[in-house]
Number of protein chains: 2
Amino acid sequence: MKVGICGLGTVGGGTFNVLQRNAVEIARRAGRGIEVAQIAARHLNPACNLGDTPVTEDVFAVVNNPEIDIIVELIGGYGVAREVVLQAIANGKHVVTANKALIAVHGNEIFAAASAKGVMVAFEASVAGGIPIIKAVREGLAANQINWLAGIINGTGNFILTEMRDKGRTFDDVLAEAQALGYAEADPTFDVEGIDAAHKLTILASIAFGIPLQFDKAYTEGISKLTTADVAYAEAFGYRIKHLGVARRTSEGVELRVHPTLIPADRLIANVHGVMNAVMVHGDAVGSTLYYGAGAGAEPTASSVVADIIDVVRTLTTDPNNRVPHLAFQANALSDLPVLPVGQVETAYYLRIQAKDRPGVLAKVATILSERGINIESILQKEAEEQDGLVPIILMTHRVREQKMNDAIAALEALDDIAGPLMRIRVEQLN
Amino acid sequence: MKVGICGLGTVGGGTFNVLQRNAVEIARRAGRGIEVAQIAARHLNPACNLGDTPVTEDVFAVVNNPEIDIIVELIGGYGVAREVVLQAIANGKHVVTANKALIAVHGNEIFAAASAKGVMVAFEASVAGGIPIIKAVREGLAANQINWLAGIINGTGNFILTEMRDKGRTFDDVLAEAQALGYAEADPTFDVEGIDAAHKLTILASIAFGIPLQFDKAYTEGISKLTTADVAYAEAFGYRIKHLGVARRTSEGVELRVHPTLIPADRLIANVHGVMNAVMVHGDAVGSTLYYGAGAGAEPTASSVVADIIDVVRTLTTDPNNRVPHLAFQANALSDLPVLPVGQVETAYYLRIQAKDRPGVLAKVATILSERGINIESILQKEAEEQDGLVPIILMTHRVREQKMNDAIAALEALDDIAGPLMRIRVEQLN
């Protein structure tokens, strides 16, 4: 399958790089290779090694290229992007786009054109970057009447609110830093006044409730008036302030609104920090669900763009009954990568040792670990317990092969100074 | 499309009820109605009003019913369930199952039979109940090389660990309560020794890494030996203990292991409490993502079973280029439910009022709110601030229509006792 990429900025560059780097894995999943046949770009992207991929400055040369099956629109905005998408559809090409503004404002027109022409338009990357939230709502929760959804769907805004809360900084101070770091645009209006979030919320509400896209009816309120005093008072009441997009179905209609919101501090979504995004979706059968991940950035957004490309390729080229292989990869492309015996696994460890209350025990323990190359990260030694006179020693180690740890544990348990088997629990940082 | 349900226990009953209750919504999404043509059950389920749906005690009467297109296997276990699934495939019927043990142990055989016969086998409900995690990994993250995943994928175990931590209770004490509440089986081995989690992890690892199902190679360690002391010591180090399934790809092979694990307390997954499930998935392009929801129960599991049925129906009956409609619902089945003006929205409110330091201001504020039917939930009055002598009054209200609140705010701001505009932030409980 031949793909044309229109726009080689952050997301376009990420899309090209992911398609190149993961070409083998993607072909094992999709059942055939995906080739970037042509790129339209006004400037080259220093993050990309384009090799001999043809590049043009004329985006319509790509859109009208008869060899190309799928047009990937990563230009942004409503102007040229709309023309590109409509011309691609008119040419009978499938379209993948990450353009939330285009879909929220012109989606009804674009979808009607695509349906009339019998081509696909995919837009997973338009909402919440790398989180497959459109697929989750549109397919994964298709059994449900969706009651409401609420999301942190603008990373810049969440970064600002996180800093205001964690460090007591003012809105203006953090915004200036976000601009310096490249998280926020020179004109931050779209992000901090909620317009970007309203684009995404409009799309989510339509797929949740089955209503046409109605961006002009979304209520939008930004975060620029929030003070550090409000953040602190909210905390005193047990709440956090997040810039949420909320869509709710009532008997009278649909609420569609973006505004700063106090939410209880113990909710999972209240603990989504920095530039990360998360969307809660509540269905009548499933109850509350939550989807979390990077909402922006080159490769997280590319993850969704390329997933859409694979969806299109799977639909076009596979037996419909095996559109998605049972185990994600084509049955004849499974790997013989072995499952490792647990002795070969590497983790850090928590150890609790019940030591007899004698001098020198800790030194013996440390020596046994050290001789096997096991480094202690932290240690907690408690006073002797009243009932049995034993001293609990609790250790956290650095990462080590399980086999070495088993060997160390056997040596420790053989010590006369230690009572009974020790407790060993594995530790994962998950980062 | 005609569906036969085999097994009318918790999940079977939930599946029947969701298909009935949401029949209209589901038909708007799937493009045609889904009818339960026959049910096989040894006992009727008091939660279901079956109407005139035919019921038989002979499961093979359903499997061999020539009118049925899709067999939904909700019997559980490896015995009859395996025969049912293989016979359904041999009969050319598509299969939807929630049976993690069957897929983890006999999946390779079942998928080969299905591919040879050209039918679909869908099993979203086999892992993490209502969370669409298989779809997320298999399709949503298809662009990525998955590096690792880690999940809380057994609700019973997580309930026990949550109670041990929150209330300092022992494992045995909480297990007895979980059995009384029906969260845990009379024989809790599958749940607390990690076997159930290992079934689910085996499936997730295969779709993440593209390896055949190898349940027999999973390492499994339970939570029954954990003490309250370990839970407390972990906390002292800044960690929480969770029963995780971990699958990781290394250069040598795949780690596949279920065991108690210390994880940093500030990770989102460390804050997944009670019977809820969550899975973290880390891909090379997308980074870390997380999926959260109910991992068990009648309707959450039915949510995934019915989503799979809709997937099969969409594949069989729609134009492939419109397998999933752009806005989730068929274009001719969109709703004209209006988007409400924000004045009709109902939320609770946080108000911060800068009052002049005079007697009786609070009474005036309370009267204005009360006259408009706005109830105060809590209130915080600070001392006068040094620089301007103003007294901040912070209020949290119960839920009220925005129009009433706007009216109250206009009246409050008109008071001579109040300086400047007040700060109003909406409050959502998200429960």
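1. Two residues are in contact when their C-beta atoms, placed from the backbone, lie within 7 Å. By that rule, and leaving aside residues up to four places away in sequence, B:Ile309 touches B:Val3, B:Ile34, B:Ile70, B:Val72 and B:Val96. The model is a predicted one, and what follows should be read as a description of that prediction.

2. B:Ile309 belongs to the largest nonpolar core, which has 303 residues. Together with A:Ile309, B:Ile309 has the most contacts inside that core.

3. Of the 431 residues in chain A, 55% are buried.

4. Chain A is divided into three parts by an automatic or database domain assignment. Domain 1 is made of two stretches, 2-129 and 300-333. Domain 2 covers 133-294, and domain 3 covers 342-427. The centres of domain 1 and domain 2 of chain A, taken over C-alpha atoms, are separated by 27 Å.

5. Where domain 1 of chain A meets domain 2 of chain A, 14 residues of domain 1 are in contact with 17 residues of domain 2. On the domain 1 side, helix α5 (residues 100-117) of chain A gives the most, with seven residues. By class, that side of domain 1 has eight nonpolar, four polar and two charged residues.

6. Chain A contains an open sheet of six strands with parallel pairing, in the order β3-β2-β1-β4-β5-β6. The edge strands of this sheet are β3 (55-56) and β6 (121-122) of chain A, each of which pairs on one side only. Inside the order, strand β4 (residues 70-73) and strand β5 (residues 94-97) of chain A run parallel and are joined by four bridges. As one example of the residue pairing, A:Ile71 has A:Val95 in β5(A) as its bridge partner.

7. The two chains meet over 114 residues of chain A and 114 residues of chain B. Strand β10 (residues 254-264) of chain A gives the most to the chain A side, with 10 residues. The residues on that side of chain A divide into 68 nonpolar, 28 polar and 18 charged.

8. Strand pairing also crosses from one chain to the other. Strand β12 (residues 287-294) of chain A and strand β12 (residues 287-294) of chain B pair in the antiparallel sense over three bridges. Within this pairing, A:Leu290 has B:Tyr292 in β12(B) as its bridge partner. In general, strands of a sheet pair through backbone hydrogen bonds, either parallel or antiparallel.

9. Which residues of helix α11 (residues 228-236) of chain B are buried? They are B:Asp230, B:Val231, B:Tyr233 and B:Ala234. Seen down the axis of α11(B), these buried residues fall within an arc of 165°, so they line one face of the helix. After α11(B) comes B:Gly238, with a positive phi near 90°.

10. A positive phi is also found at a residue other than glycine in each chain. A:Ala328 has a phi near 75°, and B:Ala328 likewise has a phi near 75°. A:Ala328 is in the loop between α12 (298-317) and β13 (346-356) of chain A; B:Ala328 is in the loop between α12 (298-317) and β13 (346-356) of chain B. The cut-off for a buried residue is 20 or more other C-beta atoms within 10 Å. A:Ala328 counts as buried because it has 21 C-beta neighbours inside 10 Å, and B:Ala328 is buried with 21 other C-beta atoms within 10 Å.

11. B:Lys2 lies in strand β1 (residues 2-6) of chain B. Is B:Lys2 buried or partly exposed? B:Lys2 counts as partly exposed, because it has 15 C-beta neighbours inside 10 Å. Not counting residues up to four places away in sequence, B:Lys2 touches B:Glu35, B:Ala37, B:Glu67, B:Ile68 and B:Asp69. B:Lys2 and B:Ile152 are 150 residues apart in sequence, and their C-alpha atoms are 35 Å apart in space.

Technical notes
Residues are numbered from 1 along each chain as its sequence is written. Chains are lettered from A and ligands numbered from 1 in the order in which they are written. This is a predicted model: local features need pLDDT of at least 70, side-chain atom pairs count only at pLDDT 80 or more; totals for chains, interfaces and linings use all residues. A residue is buried if 20 or more other C-beta atoms lie within 10 Å of its own, exposed if 12 or fewer, and partly exposed in between; C-beta atoms are placed from the backbone. Helices (H or I, at least four residues) and strands (E, at least two) are DSSP runs, numbered from the N terminus. The arc is that of the directions from the helix axis to the C-beta atoms. Ala, Val, Leu, Ile, Met, Phe, Trp, Tyr, Cys and Pro count as nonpolar, Asp, Glu, Lys and Arg as charged, and the others, Gly among them, as polar. Two strands pair if DSSP finds at least two bridges between them. A nonpolar core is a set of buried Ala, Val, Leu, Ile, Met, Phe, Trp, Tyr and Cys residues joined through C-beta atoms within 7 Å.
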